[in-house]
Amino acid sequence: MSTKKEIKYFLFIVLFLDFLIGITCKYFYKVDNARVITPVMSLVPAFIAILLEKDFKLKDLSKDKFSLIYSLYFILFIFFYILSFFSEKVLNKIDYVVYLGWLISLYVLTIDDKRLRGKFNFALFLKWAFVVIVLDMFRLGILNFYFQSEVDFTDLLNRLAGTLTLGLISTTFNLIFTMGEEYGWRYFSQTRLQSLYGNRIGVLLTGFMWGLAHFPLYCLVFYSGTEGIYAGIDITVFCIAIGIVLGLIYMESRSVIMVTFIHLLHNMFMANFTSAKYNQDFIFTKEFLLVSVIINIVLYTPFLLHKKYKWILT
C-alpha cells in the first residue's frame, strides 16, 4: 500500500470512529458517565495504525507483542463500551477495563520494541519535559492575567507540585491510553506526512488532523452549542500548536515512550487533579478563543524554526 493511501485510510477511519464514539457517548451516556470516552478515543489511532502496518492481515498481529496485546485490549474495551449502552451494570463496572489498562501499561514498558523505545535518553526527556511544563505555565499564567488581571501563582504551583508527585505515578499507569495517540499521530501519521510534504507541513497537518479527532469530544461531550464550537476550534488550534513541540520531541528521540510520557505530564499539569478548588473548566467565549489562539501561536510556533524543521521536500 502506498504512503498516500495509508494516510488516507488512517485519517478517514480514525476521524469516522472518533465522531461515531462522540455521538454515541452524547446520546447513550449520562454526562457523569462520559469519562469512559477519553480512554476509548485515545486507543483508536494506534489500533488503526497497527492494522495498516499489518496491511489488515489479522494473523500478522501475533508477530510482535505490542501489536497483539494492544489490539486485544482495544477490542475488549470497545466490546464493553458497546455493551454498556444496554446494561447499566456493565457501565458501572467499566472502570475495571480501565484498571486492566493500567496493568498493560506496566507490561508495555517491559517490551523491547524499537518502535516504542527509539533513542530514549533520560537527559533529553528531562529537557523536553521541562520545556513543555514551562510552556504550560506561561500559557495558563497569561490567560489568568488577561482575564483576571493577576497571575494565580497558587494555582500554577499547585499544578506543578501535582505533576511532579502524583502526576508521575499516574503517567506510568495511563501510558497505554496516551500511547495510542502518540503511536498513531506521531509515529505513524507524522512520519508519513513529513515524507510526503516536508517536515514543517507534515507536522502541521498532523496537528490539524489530531485536533479534528478531538473535536467531537469537546464539541459534543464536554461542551455543547456555541460554546462547544468554540471549544472544538480551540482544541484544534492547540493540537496544531503543541503538536509542533511533541513532533519535534519525536523527531529528536524517535521514541514513542518518551513523547507519550511528556504528553502525559502535560495532561497531568492541565488536569490539576490534586486540588478541586483550582481545577475549573474553561468557559469558552469568542474573546477567550481569540486570546487563546494568539497565545498558542506566540508560544509554540517559534519551534518551527528549529533545525529539525529546516528540511524541505524537493
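Reader: Is Lys119 buried or exposed?
Author: Lys119 is exposed, with a relative accessible area of 61%. Keep in mind that this is a predicted model.

Reader: Which residues form the positive surface patch?
Author: Lys119 is one of them, and the others are Arg254, Lys307, Lys308 and Lys310.

Reader: New topic, Asp64. Where does that one lie?
Author: Asp64 is also placed in a loop, the one between helix 2 (37–53) and helix 3 (65–83).

Reader: Buried or exposed, and why is Asp64 classed that way?
Author: Asp64 is classed as buried because its relative accessible area is 16%, and buried means under 20%.

Reader: Now Leu11. Which helix is it found in?
Author: Leu11 is found in helix 1, which covers residues 3–28.

Reader: And is Leu11 buried or exposed?
Author: Leu11 is buried, with a relative accessible area of 15%.

Reader: How many residues apart along the chain are Leu11 and Thr206?
Author: They are 195 residues apart along the chain, while 9.7 Å separates their C-alpha atoms.

Notes. Residues numbered from 1 in each chain as written. Predicted model: local features only at pLDDT ≥ 70, side-chain atom pairs only at ≥ 80, totals over all residues. Heavy atoms only, no water. Patch = residues over 30% accessible without salt bridge, like charges linked within 9 Å, V, L, I, M, F, W, Y side chains within 5 Å. Areas by Shrake-Rupley, 256 points an atom, 1.4 Å probe, with all protein chains shown as cover. Salt bridge = Lys/Arg side-chain N within 4 Å of Asp/Glu carboxyl O. Lys, Arg positive; Asp, Glu negative; His and termini not counted. Charge placed at Lys NZ, Arg CZ, Asp CG, Glu CD. Buried < 20%, exposed > 50% of the residue type's maximum accessible area, 1.4 Å probe, protein only. Helix = DSSP H or I, 4+ residues; strand = E, 2+ residues; numbered from the N terminus.
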